[in-house]
Amino acid sequence: MSETNLLQQIKQGDERAYEVLFKEYFQVLSVYAKRYVQDLDLAQDIVQEVFVKFYENRLKLVVHSSLKALLYQSVRNRCLDHIRSEQTHNAHHEQILNINKGSDIDATDFMEQVELEEKIYKSIAALPEQCQVIFRMSRFEGKRNQEIAEALNLSKRTVETQISNALKRLRKDIFPYLKALIVMLLQTFS
Amino acid sequence: MKAMENNSTISEHLLVAYWTNTATEEERGQVEGWLKDQAQNEALFDQWKQVWEQSGSLADFEAIDVEARWQQFRGEAFAQKEGKQVRMFPAVWRYAAALLLVAAATFLILRGGGTAPEMMEAVASNGPLEVTLPDGSQVWLNEQASLKYPNEFDTDRRLVELKGEAFFEVVHNPASPFSVLADGTETRVLGTSFNLKEHEGNRLELVLVTGKVRFSRADDWEILAPGEKLVVDDEGTMSKSQNDAANFMSWRTRRLEFDSAVMHTAVRDVESLYGVQLTIDSEEISNCSVTATFQNDSLEDVLETFKILFDAEIRQTDQGYRIIGGVCPIQSP
């Protein structure tokens, strides 16, 4: 479904069109919001709030650039509103507010970063099941290859091969995006 | 791309072992040797490492239940429209008419101009009181507690003000955060149920039962998970811990549960539920273990149970009751 069609159907109050939009963006926007507010549950509430507002205002809605850009921007604004209303002296928040006074650099960077992360997420989800299981145990549970092999009753060699496969696949899927990330990291540290 | 691949004679799983510090001495040597071997291997190593590090965000993606969120959103955005007229107002009026709802009908002008909502005040002057708020949220006020709330909430936020102790069961609505103000603090609900106890002075206790709340006082804030307790002491210092007080909600549930509890803490729970003072004369009984459950029982029943359990004498005094003598069957560890 094209974006224009989707928007048209949403304006007509089509619940299914809205479901498509929600499911396409909810996860990635929540991870994006977490960059600002640091708490995943809070981030999800904020994104949900944006979707509610979006729905309520759908008839008045004028999309200048793209639906995606509008959603990211709304989420970002909500997050900044939230941070301001907290008035905490949390260093991370102050940093974000300061960055945001002047430019939009970090907003674009955060967006590119989470989009990359979403690609990785999807890329891992697309791996064969055994490969996924092994990769997760290695990546998130910090298990040694030998431990994984014993837990799954496989040879250590199989585990090693699967981890290599997972990493190869990931690199292949996200290599085109890595350059952007390197540029971004340089900006952050310079 | 192709050329790089050919020079990459290292097995990727060795790199993974290297980054996670699970590599053997020999494997570390292999990776380090490979790194020195060709200048471009270092760039390659960095690339691989980025792929590896970026994959860590996977956990966030997986923690998000899109389907559940969609169902919740659907309920709120699509169903809300249809059910608007039949919201909780009748319930509010029922309480207003029938109970101890003191309608301190002050017409406060909030946010300059516009129509001001009527402020209501519920006061639990004769024992606990249950109040239903305009959004359907339920509040149980402990004796002597009071709650101020508008007869209609703003669309973008729900603010109430508490004095004393209350248990909240809040209707989840991310578009309109629910906040309890008490003694210069704010407890913001990120969805759910909790017990908030405001004492005289700065002291305050918050126990979260389900969901998530964000508690703030001046510039300081904490996010609480279920089972966690936050205490503000007289100096205004905040501290968070696991709630180990099993009977913190007995004032609402009328239930006391002692599971191998030590008697001197058990009697504190009895005291706070029945509003009496209990003293234990014997150190042996004071340190004795007790396992018992009381549901809707009278103070006399509870005391009678202690009497039988410990073969002790219960004597009424000016302030309350004394537990005298007795034998401890099971000493608390």
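My entries on disulfides, cysteines and phi angles follow.

**Ground rules.** I am working from a predicted model, where local features need pLDDT of at least 70, side-chain atom pairs count only at pLDDT 80 or more, and totals for chains, interfaces and linings use all residues. Residues are numbered from 1 along each chain as its sequence is written, chains are lettered from A and ligands numbered from 1 in the order in which they are written, and side-chain values use heavy atoms, with hydrogens and water left out.

**Disulfide.** I looked for disulfides (cysteine sulfur pairs within 2.5 Å) and found 1 over all chains. It joins B:Cys288 to B:Cys328, S to S 2.0 Å. The S-S torsion of B:Cys288 and B:Cys328 is about 85°, so I noted the disulfide as right-handed. The pair links distant parts of the chain, 40 residues apart: B:Cys288 sits in the loop between helix 10 (283–286) and strand 16 (289–295) of chain B, and B:Cys328 in the segment after strand 18 (320–324). Helices (H or I, at least four residues) and strands (E, at least two) are DSSP runs, numbered from the N terminus.

**Burial.** I call a residue buried under 20% relative accessible area, exposed over 50%, and partly exposed in between (1.4 Å probe, protein chains only). B:Cys288 and B:Cys328 are both buried. A:Cys79 is buried at 0%, and A:Cys131 is buried at 2%.

**Positive phi.** Most residues other than glycine have a negative phi. B:Asn296, not a glycine, has a positive phi of about 55°; B:Asn296 lies in the loop between strand 16 and helix 11 (299–310) of chain B and is exposed at 58%. B:Asp311, also not a glycine, has a positive phi of about 55°. I found B:Asp311 in the loop between helix 11 and strand 17 (313–316) of chain B, exposed at 63%.
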